[in-house]
Amino acid sequence: MLSESFVNFLKANKGGEIGVAVSGGGDSVALLLCALESAANCGVTVRAATVDHELRTASAAEATFVGNLCASRNVAHEVLPWVAGPQGGNLQDEARQARYGLLAEWAKAHRLVGVLIGHTADDQAETFVMRLARGAGADGLAAMPASMTRHGVPFYRPLLEKTRAELRAYLTACGQDWVEDPSNEDNRFERVKTREALETLQKLDIGADTLSEVAAQMRAASSALQALTHRNILQLVTMDLGDVCVDWRAFCGLGHEEARRFVLAILNGVAPAIYPPRRAEQLNLIKAVRAQKTVTLHGCLWSWKDGVIRVTREVEAVRGTSCASNDLWDNRWVFDGPHAADLELRVLDENGLAQCPDWRACGVPRASALALPAVWRGEELVAAPLAGMPNGWCARLTRSREQFLSGLLSH
């Protein structure tokens, strides 16, 4: 039942442990049973988790249902409560992000080789239609990939080629019950409305299989464009103390879609985020950069001087970023030196830079220097090794140029 590529993945991880996200619905219950069968044949152990968003009174009973199912099959099971709860934004998006975060923490705690989620061909078709309604391009219409990484943990969708009907037929044949989430019938939600629209499309022979195939074609087109971006990144990008530098004339020679993808890769490499800036913002940035203007977007400052575009971390975006001196700062920098409990890493900023008379020797513009990390004890600047004040400390990027450039293409 699981995809062949995923079964091969299990074989390659013999002796490991895989996680399965199980809500109690038909798709996730079928995923659990399929995973148990395949994992047993591949020498892999299965562990399950249920995220309880605590948004419905029935959620606790559904988690108990899953727990009993797992106990009957000797599968370790945990309930992961959403303690923080919704913060007043887009509820479905908040719940989705919380779900991935909780599952990632759980996976890391148990050193799992990955986590399986039960998205189906129907989910793929619904995602395609929703993104079509928003005017998405090739990447968006590629819909959901078979695998992805969130919070440093790999997630897999090994049932993307199976429909809900097939999975429920499988469960029925196994004599296995499941629970139905009543929100799946609530047409206040976009996905439920889309599901109803797909029933109409089915009358035109446009079903989940057709839309999934179109999504697959879009993924192929997206991959080709990604390869082009890879070439451009390797040819045009150099690094300078954490900044990304690009030849302005070469950038201006890129085609419309080439430039847009190039910009997105750099933005996500310097300041990673789940969601990219809006397309209109991307295009405005490209226009400004080609006109040799300084512009900020997505926590990055784009400037122009002597034919070179420089992309640096925007100081405002990291002003509140702090961590212990022996931790990773801004997902990029680590410090070596006499660590102590009362020391922390924070941005240099105006106050710190004023205490570094030799900062110009680092060779970067003032805007870049302001956004560099430094060692602080309260309001006392202890060291700024990147700005000419080492005091026994040194700082380095966690990735080499090659690793960084590869990272630009993994988002």
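Predicted model: local features only at pLDDT ≥ 70, side-chain atom pairs only at ≥ 80, totals over all residues.
Q: Which residues of H8 are buried?
A: Start with the general idea. An α-helix has 3.6 residues a turn, so residues three or four places apart point the same way. Now look at H8: Val192, Thr194 and Leu198 are buried. They cover an arc of only 155° around the axis, so they sit on the same side of H8.

Q: What covers those buried residues of H8?
A: Helix H5 (121–133) and helix H9 (208–236) are among the elements that cover them.

Q: Is Ser38 buried or exposed?
A: The general idea is to compare the relative accessible area with a cut-off: buried means under 20%. Ser38 has a value of 13%, so Ser38 is buried. You will find Ser38 in helix H2 (residues 26–42). Setting aside neighbours within four places in sequence, Ser38 is in contact with Leu2, Val7 and Leu10.

Q: Which residues touch the most other members of the largest nonpolar core?
A: In soluble globular proteins, nonpolar side chains tend to be buried together. Here the largest nonpolar core has 31 residues, and Leu348, Cys356 and Val375 touch the most other members. Several elements each supply at least two residues of this core, including helix H13 (315–318), strand S13 (333–336), helix H15 (366–370) and strand S15 (373–377).

Q: What is Cys356 in contact with, leaving aside its neighbours within four places in sequence?
A: Cys356 is in contact with Leu348, Leu381, Ala384, Ala387 and Met389. There is also a second, separate core of 30 residues, which includes Leu2, Val22, Ala30 and Ala35.

Q: Which residues lie nearest the centre of the second largest pocket?
A: To read a pocket, ask about its space and its lining. The second largest pocket holds about 260 Å³ of space. Its lining has 15 residues, and Ser3, Ser5, Ala146, Arg157 and Glu161 lie nearest its centre. Helix H1 (4–12) and H9 each supply at least two residues of that lining.

Q: How many cavities of 30 Å³ or more does the structure hold?
A: The structure holds 2 of them. About 40 Å³ of space lies in the largest cavity. Among the residues that line the largest cavity are Leu241, Asp243, Arg313, Trp333 and Ser368.

How values were computed
Residues numbered from 1 in each chain as written. Heavy atoms only, no water. Core = buried A, V, L, I, M, F, W, Y, C linked by side-chain atoms within 4.5 Å. Buried < 20%, exposed > 50% of the residue type's maximum accessible area, 1.4 Å probe, protein only. Helix = DSSP H or I, 4+ residues; strand = E, 2+ residues; numbered from the N terminus. Contact = heavy atoms within 4.5 Å. Arc of directions from axis to C-beta. 1 Å grid on protein atoms, 1.4 Å probe; cavity = no way out; pocket = protein on both sides within 12 Å on 5 of 7 lines; lining within 4 Å. Points joined across faces, edges and corners; volume = space filled by probe spheres on them.
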